[in-house]
Amino acid sequence: MTTFLDRADAGQQLAQHLQRRGVTADVIVALPRGGVPVAAQIARTLRAPMAVLPVRKLGLPQAPEVAMGALASGGVRWLNDALIAQLRVPAHAVHAVEAAETAELARREALYEGMTRLSAVSGAVVLLVDDGVATGATMRAGVLAVRARGALRVVVAVPVGAPDTCEDLRALADNVVCLHAPAAFRAVGLHYQHFPQLTDAEVHAALKEDPHA
């Protein structure tokens with residue numbers, strides 16, 4: 001099932017695919033932390049500057065790995081109302097998760113302050129990148145966030161994703177590039193040989209190494 005050696009390998013393969021398709025962008029926006037190494041490879045290949053957009057998944061109280069929504073920098077909030085209603089998640093439980101993730105989002109915004117480079121999004125063709133999409137909650141919040149910042153056009157690009165999620169994202173973005181969308185998709189990490197959690201220090205290092213900043 002493994003498709004990529006690591007996130008850098010995924011970024012290189014995705015960048016080559018984008019290049020073959022003639023996809024260009026004014027700015028490559030990574031969803032940290034996992035999207036940063038992928039976006040860094042694309043930024044080098046397409047010779048575009050890289051930015052980062054802090055986002056946080058809102059996990060179900062009973063299964064935190066499953067997203068019931070997401071937050072993005074700029075006050076953006078997206079909720080999967082159908083899932084919340086289906087599972088009868090009480091409002092106070094949603095609010096509790098949202099409060100915790102709002103605090104973490106604020107911590108990351110402060111940590112990345114001066115390094116996000118999100119001012120480049122206004123009036124730009126934006127390539128929005130993550131290491132993969134399962135439910136797509138954080139990517140949905142990301143698309144809404146860059147549109148709110150005045151992006152001219154939004155292209156979503158991921159190395160791997162659930163087929164139905166990749167298809168659903170087309171209703172939000174101007175274009176969606178899912179390099180691999182296997183019918184038997186189960187989880188993003190299963191498609192990487194090495195899929196460690198990244199640190200904030202690694203995100204900082206990637207931004208500092210961006211030659212187009």
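User: Are Phe4 and Tyr192 buried or exposed?

Analyst: This is a predicted model, in which local features need pLDDT of at least 70, side-chain atom pairs count only at pLDDT 80 or more, and totals for chains, interfaces and linings use all residues. Residues are numbered from 1 along each chain as its sequence is written, and side-chain values use heavy atoms, with hydrogens and water left out. Buried means under 20% relative accessible area, exposed over 50% and partly exposed in between, with a 1.4 Å probe and protein chains only. By that rule, both Phe4 and Tyr192 are buried.

User: How are the planes of the rings of Tyr192 and Phe195 arranged as a pair?

Analyst: Rings of Phe, Tyr and Trp (its six-membered ring) pair if their centres lie within 6.5 Å; planes under 30 degrees apart count as stacked, over 60 as edge-to-face and the rest as tilted. The ring centres of Tyr192 and Phe195 are 4.8 Å apart, and their planes are at 35°, so the pair is tilted.

User: Which residues do the ring pairs link into a cluster?

Analyst: The structure holds two aromatic pairs. In one of them, the rings of Phe4 and Tyr192 have centres 5.3 Å apart and planes at 45°, so this pair is tilted. Through ring pairs, the cluster is made of Phe4, Tyr192 and Phe195.

User: Which residue has its charged end over the ring of Phe195?

Analyst: A charge sits over a ring if NZ of Lys or CZ of Arg is within 6 Å of the ring centre and within 35 degrees of the ring normal. Phe195 is partly exposed, with a relative accessible area of 31%. At 4.1 Å from the centre of the Phe195 ring, the charged end belongs to Arg7.

User: How far apart are the end C-alpha atoms of helix α5?

Analyst: Helices (H or I, at least four residues) and strands (E, at least two) are DSSP runs, numbered from the N terminus. The expected span of a helix is 1.5 Å times one less than its number of residues. For the 12 residues of α5 (residues 137-148) this should give 16 Å, which agrees with the end C-alpha distance of 17 Å.
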